[in-house]
Amino acid sequence: MTYSSLSKYVLFFLTAFLFCISLYSQPLPSSAKRTSDFFHSNGKFFVVVGVLSILFLGIYIFLFSINRWVLKLEKGKLGR
Amino acid sequence: MLRQNWWKGLCIVLLTSTVITGLLIPVPARPNLNESIRNYFFHPPLWIVMMVQFTVSVVYSIKYLRSSSLRHDLVAREFAITGLFFGLLGICTGMFWANFTWGAFWTGDPKLTGTAIGLLIYSAYLVLRGSLTDIDKRARMAAVYNIFAYAMLFPTIFIIPRMVESLHPGGTGNPVISPKDVDPRMFLIFWTLAAPGWILLGLWITSLRIRIAKIYLNDIQ
């Protein structure tokens with residue numbers, strides 16, 4: 001699998017993920033909970049989930065930037 | 001040693017067990033924090049990684065000033081970049097956590113102000129590098145600046161925040177380093193699994209960046 005087709009897969013999954021967000025933006029029945037209520041529920045356990053998501057998303061972005069750097073190198077471009 | 005695989009495997013084992021135990025172990029019930037106390041295994045290690053990276057970076061800056069070898073300059077730069085990245089991650093995760101425990105993404109807490117200043121100083125290190133075109137002059141000025149930047153970290157993130165009241169736990173002490181401020185089991189997991197795991201991940205990323213940067217350097221020379 002080449003890097004460009006890999007990035008297509010990643011883009012596909014990111015877009016699919018973005019579409020999932022629209023599910024959450026639908027108005028909730030009855031109790032009309034806000035997002036903050038979700039994070040305050042379950043003893044604020046979802047705050048940990050959120051922190052881990054931010055952390056790993058950041059690491060993935062950083063890894064992809066390094067990946068792009070290697071790609072440039074493989075194509076033989078000089079300089080930064 | 002850096003090209004060997006055992007420590008990368010160790011990094012994966014440590015981080016995986018950090019995430020699993022961090023999410024599963026029973027934690028002490030604290031008001032306001034509740035379950036979000038588990039972030040102790042994920043947010044504070046980022047700052048430890050940042051300090052490790054900046055420390056190695058300044059060591060290589062000093063090495064550069066003694067040797068004038070561009071390879072030392074390159075290592076210093078890559079460690080500073082990764083350190084800055086982990087600092088930014090620390091700020092982002094901290095802001096998210098703060099929003100649900102302190103009620104706002106950003107507060108006037110001295111530790112937040114201090115780290116923001118510290119990260120800005122290190123961003124200026126990269127700006128300084130980008131603004132100079134002569135390779136040797138850039139390396140020399142960046143190395144000198146890096147030493148000052150590292151020295152500034154101590155008042156901004158270690159001394160001043162501990163002289164005043166802070167929203168962070170531990171008050172004037174440091175809950176990460178002092179065992180009496182934190183649950184002993186969490187303290188043990190922090191120092192045996194979380195901190196070494198995240199430090200190794202930082203080293204892994206930086207070692208990859210250094211290897212790429214060295215190929216670039218060989219192409220230029």
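This dialogue goes through a few features of a predicted model.

Biologist: How are residues and chains labelled, and which residues count?

Modeller: Residues are numbered from 1 along each chain as its sequence is written, and chains are lettered from A in the order in which they are written. In this predicted model local features need pLDDT of at least 70, side-chain atom pairs count only at pLDDT 80 or more, and totals for chains, interfaces and linings use all residues, while side-chain values use heavy atoms, with hydrogens and water left out.

Biologist: Is Thr18(B) buried or exposed?

Modeller: Buried means under 20% relative accessible area, exposed over 50%, and partly exposed in between, with a 1.4 Å probe and protein chains only. Thr18(B) has a relative accessible area of 0%, so Thr18(B) is buried. Thr18(B) belongs to helix α1 of chain B, residues 6-24; a helix here is a DSSP run of H or I with at least four residues, numbered from the N terminus.

Biologist: Which residues is Thr18(B) in contact with, leaving aside its neighbours within four places in sequence?

Modeller: Contact means heavy atoms within 4.5 Å. For Thr18(B), leaving aside neighbours within four places in sequence, the residues are Phe41(B), Phe42(B), Leu193(B), Ala194(B) and Trp198(B). The side chain of Thr18(B) also reaches the backbone oxygen of Leu14(B), at 2.6 Å.

Biologist: How many residues of chain B are in contact with chain A?

Modeller: 31 residues of chain B are in contact with 29 residues of chain A. Chain B and chain A bury about 2900 Å² between them, 81% of it on carbon and sulfur atoms. Buried area is the accessible area (1.4 Å probe) that two parts lose on being put together, summed over both. Phe96(B), Phe100(B) and Tyr216(B) supply 26% of the area that chain B buries against chain A, more than any other three residues.

Biologist: How many salt bridges does the rule find across the interface of chain B and chain A?

Modeller: A salt bridge is a side-chain nitrogen of Lys or Arg within 4 Å of a carboxyl oxygen of Asp or Glu. Across the interface of chain B and chain A the rule finds 0.

Biologist: Which elements give two or more residues to the side of chain B that touches chain A?

Modeller: These are α3 (70-101) and α6 (184-220) of chain B. The most comes from α3(B), with 12 residues.

Biologist: Where does Cys92(B) lie?

Modeller: Cys92(B) lies in helix α3 of chain B. With 40% relative accessibility, Cys92(B) counts as partly exposed. The C-alpha atoms of Cys92(B) and Phe105(B) are separated by 9.2 Å, and these residues are 13 residues apart along the chain.

Terms used. A polar contact is a pair of N or O atoms within 3.5 Å; within protein, one must be able to donate a hydrogen and the other to accept it, and residues adjacent in sequence count only if both atoms are side-chain atoms.
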